[in-house]
Amino acid sequence: MDDQGVAYLAFCLVILLTSLSVLPSIGKGIVVIIALAIILVGVFVILILNFADFLFVSMVCSALGITIEPAAGYRIVKQQNAIIKNVNGLFYATGYVTANLFPYVFKLEAAAENEDVKLITSPENWERAVMNIGFPFKYHVLSTGMDVQKSRDELEGKRSYEEFQMSRALQNKSADETTITNIQRRLNILQSKMDRISQGEKPIATVMYVETTAIGVSEKAAVDALTQQINDLQISMSSMDVDLSRIMGREIYTLFNFNFGLPCTKEELEASFDMQS
Amino acid sequence: MNPKVLVLIGFMALSIVFIAIAVALPHGTLYVVPKLILMALAVLFDVLAFASRYYTFLILPFARQRKKNIVISDQTPYWLSSTGESIIRREAQDFIATVYINIPIYVSASEMTDEEKARFTMQVSRLVGLSKEPVRFTAELYLMNKDSYIQKLKDTISRIEDDEAKLVEQKKESPELEHLRGELSMWRKMLDNVSSYTSYELGTFAAVSARGVKESEAISFAQQRARELMSGIGTVLGVSPNIVVGNEILKYVEPEYLIPYSTITEQIARIVRQEV
């Protein structure tokens, strides 16, 4: 969670938690219990919105049958997982799938190992995936260069924190083996990232996603065909070491807008994504 | 001030006001229900304040329209610049120009040695890290556009059908009629053949955007970024990238250009005819 997210969460939770202190002024007995329940529901909803807003908002929109028209001629369906365009009675449904590298892979611990094999097999894996896909799609890599010194400082800061955690865990006799192993793995990952920068690799931030479009003679037929295509994409690209999950919620709107205008700075790009990407 | 911050402050203020009113109301059974309603409203506005971080674009139109189909914008999402080299989008007071660059890559992994494959992967990695500004690289598999060819076939068929009908009306069994029928059969088979299979093309392109307070300023910045990027792409991959112009841009933007309308409707019609 970024600084802005922490600020939003803190402000909104403070109001609700402060309202707990005024509960005696509301009433007594059952009234206080009802008021407390209302406040707790609020806290619960805020926490869900913080960690999985795309699921919660999609659920609410689906239950209430809310559709969104992001621009003339386009419509986001109530499940918030597809954008429909009606062209002379033919429905075009577009959906998105994340295709980011897994947040944690064992290979990251030892970047140099298997590197050559990976370099050689990548083009083949890609071509095999494309040959297996019998429908239109777009594989997007949205990237932005990062400041080398800033990235290095950030990694060093993280490494110092992990080293501190490690020394605490080693001093604590009750710390189990799993905790120490986990910290060691995180340290190895940070070290391998720093080694890569030291070897001259440029740090970059990337967002990768796949866009596919299906057609149908009705909206439902198009959305069903799209779901089938997304399932096929997930199978065909499974060999590519990427996390393929269907995007829903507000990020559909963000990615739709990216077709007509990309973020112009790194900060704008970062502000566009949170949980799913 | 950022409108998002204003919305946050507004909702939080409403929440605090409702809590204050609930506290200020006198005790008594008469005020129990209003107090609980005020508390519920306070919680609702607090939740909306939190949701405004990402959903301001949805909350404000929903509050204004109060219907199930929320219209965020009734305008087309972009327009083509007068030079035809970029698409423009309006965002608040600014203009965002986006330039599309075609990257012609005609190599296949099946024709490469292991060393070439490794080198190609390294080149792609370097390509992705080329720019400090956000750049989007895309590989697009799209249906080959046979619309104009299909239309030409359809026009020919309808012309010959007209000629045939005229001869049939004259009730003349002539070699000319036989010739027309043969020709008609040939073009119909051709149309059937063209629409019976789907051909795909794989293209690679990059897109880069720039913001400006004027349309021309945004276009100029975007073109500058595109030129820098093109020079980098040329150096890394050893190809000659070019800026996509005119209607060709639509191929990367609109879904009906990804799956051309006539090409696919002809295919659907053929499948329906077969099923019937």
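In chain B of this predicted model, strand E4 and strand E6 (residues 200-212) run antiparallel and are joined by eight bridges. Strands count as paired if DSSP finds at least two bridges between them. Helices (H or I, at least four residues) and strands (E, at least two) are DSSP runs, numbered from the N terminus. The predictor assigns the complex an ipTM of 0.82 and a pTM of 0.82.

Residues are numbered from 1 along each chain as its sequence is written, chains are lettered from A in the order in which they are written, and ligands are numbered from 1 in that order too. Because the model is predicted, local features need pLDDT of at least 70 and side-chain atom pairs count only at pLDDT 80 or more, while totals for chains, interfaces and linings use all residues.

- E4(B) covers residues 94-102. Eight of its nine residues are buried, so the definition puts 20 or more other C-beta atoms within 10 Å of the C-beta atom of each. A residue with 12 or fewer is exposed, one in between is partly exposed, and C-beta atoms are placed from the backbone.
- Towards E6(B), Phe95(B) stands opposite Gly212(B).
- Strand E3 (residues 87-91) of chain B also runs antiparallel to E4(B), with five bridges. Here Arg90(B) has Phe95(B) as its bridge partner.
- E3(B) and E4(B) make a hairpin with two residues between them. In the turn, Ala92(B) has a positive phi of about 55°.
- Strand E7 (residues 242-243) of chain B pairs with E4(B) over two bridges, again in the antiparallel sense. Ile101(B) stands opposite Ile243(B) in that pairing.
- In a regular strand, side chains alternate between the two faces of the sheet.

**Strand pairing in chain A**

- Strand E4 (residues 90-98) of chain A pairs with strand E7 (residues 204-216) of chain A. The sense is antiparallel, over eight bridges.
- Within that pair, Thr212(A) in E7(A) is the bridge partner of Gly95(A).
- E7(A) is also joined to E6(A), by nine bridges, and the two run antiparallel. Gly145(A) stands opposite Ile204(A) in E7(A).

**Between the chains**

- Which strands pair across the two chains? Strand E6 (residues 137-145) of chain A and strand E5 (residues 135-143) of chain B run antiparallel and are joined by seven bridges.
- The contact involves 71 residues from chain A and 76 residues from chain B. Two residues are in contact if their C-beta atoms, placed from the backbone, lie within 7 Å.
- On the chain B side, helix H2 (residues 32-65) supplies the largest share, 16 residues.
- That side of chain B has 48 nonpolar, 13 polar and 15 charged residues. Ala, Val, Leu, Ile, Met, Phe, Trp, Tyr, Cys and Pro count as nonpolar; Asp, Glu, Lys and Arg as charged; the others, Gly among them, as polar.

**Chain A as a whole**

- Chain A has nine helices and eight strands.
- The C-alpha trace of chain A spans about 65 × 55 × 35 Å along its principal axes.
- Of its 277 residues, 31% count as buried.
- Three domains are assigned in chain A: domain 1 (1-66), domain 2 (70-146 + 203-277) and domain 3 (149-198). Such bounds come from an automatic or database domain assignment.
- In chain A, 32 Å separates the C-alpha centres of domain 2 and domain 3.

**Chain B as a whole**

- Chain B has nine helices and seven strands.
- Chain B is more spread out than a compact globule, because its radius of gyration is 30 Å, well over the 19 Å that the globule rule gives for 276 residues.
- Its C-alpha atoms fill a box of roughly 105 × 60 × 40 Å along the principal axes.
- Of the 276 residues of chain B, 29% count as buried.
- Its domains are domain 1 (3-65), domain 2 (79-145 + 199-275) and domain 3 (147-196). The C-alpha centres of domain 1 and domain 3 of chain B lie 70 Å apart.
- Chain B averages a pLDDT of 87, and 97% of its residues score at least 70. pLDDT is the predictor's confidence in each residue, from 0 to 100.

Conventions. Rg over C-alpha atoms; globule rule 2.2 N^0.38 Å.
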